[in-house]
Amino acid sequence: MPLTPPPLSRLPTFSEDGHVHVVVETPKGSPNKYAFSDAFGAFQFKMVLPEGTSFPYDFGMIPSTKGADGDPLDILLLLDAPAFPGCVLEARLVGVIEAEQHERDGTRERNDRLIGVAVKARTHAHIHTLDDLRPGMLDEVEAFFGHYNQLAGKDFKVLRRGDAEAALALVRDGADAFGQAEG
């Protein structure tokens, strides 16, 4: 009897080499936002960004994790060329933008953005810490997420930037939270 593979959201969090698995949801340059839907077992169209706006880098999730917002942890992925929705790859964590969102209903929730580099990337192979990023890049990424959330009626507030160790701690906590929720 053939084995049925798990849904993308339930793949292992870590690879055998200790890198994180990433499932790309929205490719770099896309004006459309996509997200994997467990209910459908497919990628679901979420919204169109305003004219002239697109995702600055590949954006996806780390499977078998659960963030404070109840969704898999988000990751911004540096890769040489855009991937495609559903592409699974390994990444090394380089840092995190710890952030809080103020929702339309007035509640606040954490919604961090991990930052990773595809293990097999060439252009970004030299990046191992946030300090290795070009000057201004994190400011631009934070401004993108601020604007993106503003259009959705939310306020995105950066709390701080964290290093690779802080990012790894968030992933481990997210994997623990996922395991507890799954029972």
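**Entry 1: ground rules**

The model is predicted, with pLDDT of at least 70 needed for local features and 80 or more for side-chain atom pairs, while totals for chains, interfaces and linings use all residues. I number residues from 1 along each chain as its sequence is written, and side-chain values use heavy atoms, with hydrogens and water left out.

**Entry 2: overall fold**

I looked up the secondary structure and found 2 helices and 9 strands. Helices (H or I, at least four residues) and strands (E, at least two) are DSSP runs, numbered from the N terminus. The order along the sequence is β-β-β-β-β-β-β-β-α-β-α. The radius of gyration is 16 Å, close to the 16 Å that the globule rule gives for 183 residues, so the protein is as compact as a globular protein of that length. That radius is taken over C-alpha atoms, and the rule is 2.2 Å times the number of residues to the power 0.38. Along the principal axes, the C-alpha atoms fill a box of roughly 50 × 40 × 30 Å.

I checked burial next: 44% of the 183 residues are buried. Buried means under 20% relative accessible area, exposed over 50%, and partly exposed in between (1.4 Å probe, protein chains only). For contacts (heavy atoms within 4.5 Å), I took those with a separation of 6 or more; residues 24 or more positions apart account for 68% of them.

**Entry 3: strand β6 and its partners**

I then followed β6 (residues 88-102), which is mostly covered, with 11 of its 15 residues buried. Two strands pair if DSSP finds at least two bridges between them. β6 runs antiparallel to β9 (residues 155-163), and 8 bridges join them; Ile 97 stands opposite Arg 161 there. With β8 (residues 113-118) the pairing is antiparallel over 6 bridges, and Arg 92 faces Val 117. β1 (residues 20-26) is joined to β6 by 4 bridges, again antiparallel; His 21 has Glu 90 as its bridge partner.

The pairing of β6 with β7 (residues 108-110) is antiparallel over 3 bridges, with His 102 opposite Arg 108. These two strands form a hairpin with 5 residues between them, where Gly 106 takes a positive phi near 95 degrees.

**Entry 5**

I looked at β4 (residues 58-62) for cover: 5 of its 5 residues are buried, so the strand is largely enclosed by the rest of the structure. β1 runs antiparallel to β4 over 3 bridges, with Thr 26 opposite Phe 59. β4 is also joined to β5 (residues 73-78) by 5 antiparallel bridges, and Ile 62 is partnered with Leu 73.

β2 (residues 32-37) and β3 (residues 42-48) pair antiparallel over 6 bridges. Ala 35 has Gln 44 as its partner in β3. The hairpin has 4 residues between the strands, and Gly 41 in its turn has a positive phi of about 65 degrees.

**Entry 4: two serines in loops**

I noted Ser 64 for its backbone: its phi is positive, about 55 degrees, although it is not a glycine. Ser 64 sits in the loop between β4 and β5 and, at 11% relative accessibility, counts as buried.

I looked up Ser 54 in the loop between β3 and β4. At 31% relative accessibility, Ser 54 counts as partly exposed. Leaving aside neighbours within four places in sequence, Ser 54 is in contact with Gly 29, Ser 30, Pro 31, Leu 49 and Phe 144. I also took the C-alpha separation of Ser 54 and Pro 135, which are 81 residues apart along the chain, and got 20 Å.
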